[in-house]
Amino acid sequence: MKKQALFRILSNTPLPDQDFLLKLQPVGASLEGIRPGQFVQVLVPHTEGVFLRRPISVCDADLRENILTLYIKKVGKGTVGLSCCKPGENLDIVFPLGNGFDFTGSRKPLLLGGGAGIAPMVLLSKKMRESGVAPTVLLAGRTERALSLRTLFEETPLLCTDDGSIGEKGLITQHSLFRDLKAFDKIFCCGPTPMMKAVARLAEAAGIPCEVSLENTMACGVGACLCCVTPTVEHGNQCVCTEGPVFDSRELKDFR
Ligand SMILES: Cc1cc2nc3c(=O)[nH]c(=O)nc-3n(C[C@H](O)[C@H](O)[C@H](O)COP(=O)(O)OP(=O)(O)OC[C@H]3O[C@@H](n4cnc5c(N)ncnc54)[C@H](O)[C@@H]3O)c2cc1C
Ligand code: FES
């Protein structure tokens, strides 16, 4: 069930490529029940003109220590405002939101993350390992600097970069893994929309189910404003904030 709580900032670590990592602890609330692929809505403090909460994926949730990790890219006023927050300050957060990935039954999963879309793959891979499944993880970025989150994965992820500075050179769909997609029974993907569309096309051609996590622009985050809708094949327009952000790619009209 969705909650609103203050989260104390434990650390705010700058990373290369305009990224930063926030570690937060809810005050008087528990992270119990949070699922990989879900997101939170963060109120941005001390920032003139930013009234709407910003949606950010759950990157990691340590249930034993009750610590939430968020990985954020500075792209505009809201995310720059969050990057200035100091340890000891509190953030007002609504959580957990959205549906999350469905990995039940998948024994040979392939996890694909690009850009800020690498974030949800951290908790997803952790939960898969806890359930006895060893996922294959492939991360993509423009350069090595965009892949700083790779150190948060327990397994060593495969990498690819546009400039070849680390891992294989080229787009994620040019990685050698894509020569044998049938080695996997399900794909889980989060990243820029063109990347997810290209992955979904190849998955469909290989007959492998593919879940994608959409990052449509959001306002309310709870299904009230309809600004995040996406057309689906069977259920008409659906709110990404409540029916998603994770969808079976074959359900999405924009992916066909
Ligand atoms: C479900 C969900 C999960 C997300 N998870 C993360 C995450 O884990 N880490 C992270 O860094 N970001 C994530 N985002 C994107 C993040 O919410 C936006 O980058 C942020 O809202 C931008 O706010 P801003 O005030 O900094 O920028 P704005 O001033 O609002 O916009 C600045 C620029 O960013 C673009 N922008 C705005 N919203 C988005 C968006 N949703 N996706 C891509 N570009 C956008 C705008 O078009 C504009 O060009 C997620 C978005 C969604 C919907
Ligand atoms: S963001 Fe308002 S309905 Fe989805």
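The residues of the shell around ligand 1 divide into eleven nonpolar, six polar and four charged, where Ala, Val, Leu, Ile, Met, Phe, Trp, Tyr, Cys and Pro count as nonpolar, Asp, Glu, Lys and Arg as charged, and the others, Gly among them, as polar. This is a predicted model, in which local features need pLDDT of at least 70 and side-chain atom pairs count only at pLDDT 80 or more, while totals for chains, interfaces and linings use all residues. Residues are numbered from 1 along each chain as its sequence is written, and chains are lettered from A and ligands numbered from 1 in the order in which they are written.

**Ligand 1**
- Ligand 1 is surrounded by 21 residues, the closest being Ser57, Gly76, Gly78, Thr79 and Ala116; a residue is near if its C-beta atom, placed from the backbone, lies within 6 Å of the molecule.
- Two or more residues of this shell come from each of β4 (54–57), β6 (67–73) and α1 (77–83), helices (H or I, at least four residues) and strands (E, at least two) being DSSP runs numbered from the N terminus.
- With four residues, β4 gives the largest share of the shell.

**Strand β1**
- Strand β1 (residues 3–15) pairs in the antiparallel sense with strand β7 (residues 90–97) over six bridges, pairing being assigned if DSSP finds at least two bridges between two strands.
- Lys3 has Phe95 in β7 as its bridge partner.
- β1 also pairs in the antiparallel sense with strand β2 (residues 19–26), over eight bridges, and Phe7 has Pro26 in β2 as its bridge partner.
- Three residues lie between β1 and β2 in the hairpin that they form, and Asp17 in the turn has a positive phi of about 70 degrees.
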